[in-house]
Amino acid sequence: MTSNEAPLRVGLIGAGGNMKLRHIPGFNETGEVELVSVCNRSEASGRAIAEEYGIPRVEPDVATLLAAPDVDAVCIGTWPYMHRDLTIAALEAGKHVLCEARMAMNASQAREMLAASEARPDLVAQLVPAPFDFKSWKTVRRLLEDGSIGDVREVHVTVLNGGSLDPAAPLHWRERTDLSGMNVMSYGIYTEIIGRWFGPTRSVLAHGATYVRERTNAETGERAAIEVPDSLGVFFELEGGGRVTCRFGTQLHAAPPEANGISVYGSAGTLHWRPDTMTFAPLGQDPAPLDPDPGTAGEWRVEQDFVDSIRRGAPVTLTSFPDGVHYMRLIEATHRSRTEGRAVPLSEV
């Protein structure tokens with residue numbers, strides 16, 4: 001920012017964990033942003049955020065924040081159930097939007113958000129990206145494009161842990177369909193990564209199970225039923241060729257952490273990716289450590305990317321609304337397959 005350039009004025013909607021961990025520090029580090037207001041689930045929690053981070057104004061509701069002429073852009077940090085309505089309202093109010101992942105509750109909501117952004121091409125609309133492959137995704141794309149991997153035959157995605165093993169743990173928002181929609185565990189993060197690496201998917205076949213079927217809602221003290229799976233298996237076909245097999249589970253004691261990640265088996269080589277390190281084995285050779293290609297290893301700079309798109313016209317890469325619609329279509333196809341007991345072509349979603 002030049003000495004005579006006014007700061008970009010940002011309002012925060014839903015200042016929870018990731019807002020405090022990532023977005024507020026990230027905006028402050030740009031040197032180009034002024035955080036001018038915050039609106040939280042309660043005025044008291046908004047006041048606590050404002051006092052902690054020196055934000056001058058606490059708004060009683062979102063409408064007041066969006067109507068303020070001194071707000072140029074908003075960062076939406078709520079759970080997915082509010083993303084569509086807040087994003088559309090912000091764009092209609094003339095505000096640039098950075099929205100937390102997952103994009104929406106389902107593919108239909110995601111499409112509505114995309115349509116609202118396309119109606120305002122003068123405004124930047126960006127999703128917070130899946131961060132696990134920041135260092136490596138450009139290298140993976142290069143390996144796929146230059147023939148190092150060859151024709152993709154199998155892709156294995158493994159994400160196993162004991163995160164929800166304790167039945168006495170309180171209900172988490174990710175276990176509530178009214179807050180998370182069709183999203184399941186960290187499946188959405190990996191569908192975004194798979195889309196970034198391989199492009200579109202042709203069809204999906206999924207099966208899920210829920211082993212802990214109820215937990216206590218800490219806010220109400222009441223027991224709540226859980227429909228979101230804590231075990232999920234997904235098989236899908238890529239448009240560009242190759243088969244993807246996914247295993248997700250949060251009910252596993254002593255799951256080996258070294259097994260978690262993505263393995264890509266091709267006709268010319270094999271890539272093993274573990275967030276965020278890689279090994280690569282050309283056909284006939286043993287795996288060896290692989291560093292990112294020089295100059296390609298990224299890092300968390302989501303807030304700076306948002307500012308660069310607004311101020312300098314940089315294209316939105318991580319992550320655009322069209323890319324968000326793609327992963328939400330895959331998430332909805334997975335939901336339909338799991339609940340209807342059939343393979344679902346992406347063309348249906």
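Here is a short chat about a predicted model and some of its helices, strands and contacts.

Biologist: Hi! What should I know before I look at the model?

Modeller: The model is predicted, so local features need pLDDT of at least 70 and side-chain atom pairs count only at pLDDT 80 or more, while totals for chains, interfaces and linings use all residues. Residues are numbered from 1 along each chain as its sequence is written, and side-chain values use heavy atoms, with hydrogens and water left out.

Biologist: Thanks! Where is aspartate 308 found?

Modeller: Aspartate 308 is in helix α9, residues 302–312. Helices (H or I, at least four residues) and strands (E, at least two) are DSSP runs, numbered from the N terminus.

Biologist: Is aspartate 308 buried or exposed?

Modeller: Buried, because its relative accessibility is 15%. Buried means under 20% relative accessible area, exposed over 50% and partly exposed in between, with a 1.4 Å probe and protein chains only.

Biologist: Which side chain makes a polar contact with aspartate 308?

Modeller: That of arginine 301, at 2.7 Å. A polar contact is a pair of N or O atoms within 3.5 Å; within protein, one must be able to donate a hydrogen and the other to accept it, and residues adjacent in sequence count only if both atoms are side-chain atoms. Leaving aside neighbours within four places in sequence, aspartate 308 is in contact (heavy atoms within 4.5 Å) with Arg301, Gly313 and Ala314.

Biologist: Nice. Which strands does α9 lie across?

Modeller: β1 (8–13), β2 (33–39), β4 (73–76), β5 and β6, and α9 runs at about 160° to β5. Axes are lines fitted to C-alpha atoms, for helices over the stretch in contact, and angles run from 0 to 180 degrees between N-to-C directions.

Biologist: What is the order of strands in the open sheet?

Modeller: The six strands are ordered β3-β2-β1-β4-β5-β6, with parallel pairing. At the edges are β3 (57–58) and β6 (125–127), each pairing on one side only. Two strands pair if DSSP finds at least two bridges between them.

Biologist: How many bridges join β5 to β6?

Modeller: Three, with β5 covering residues 96–99. Leucine 98 has glutamine 126 in β6 as its bridge partner.

Biologist: Switching to β7, which strands does it pair with?

Modeller: Strand β7 (residues 152–160) runs antiparallel to β13 (residues 261–266), with six bridges. There, valine 152 stands opposite glycine 266. With β12 (residues 243–249), β7 pairs in the parallel sense over seven bridges.

Biologist: And which residue in β12 partners glutamate 154?

Modeller: Arginine 243 is its bridge partner.
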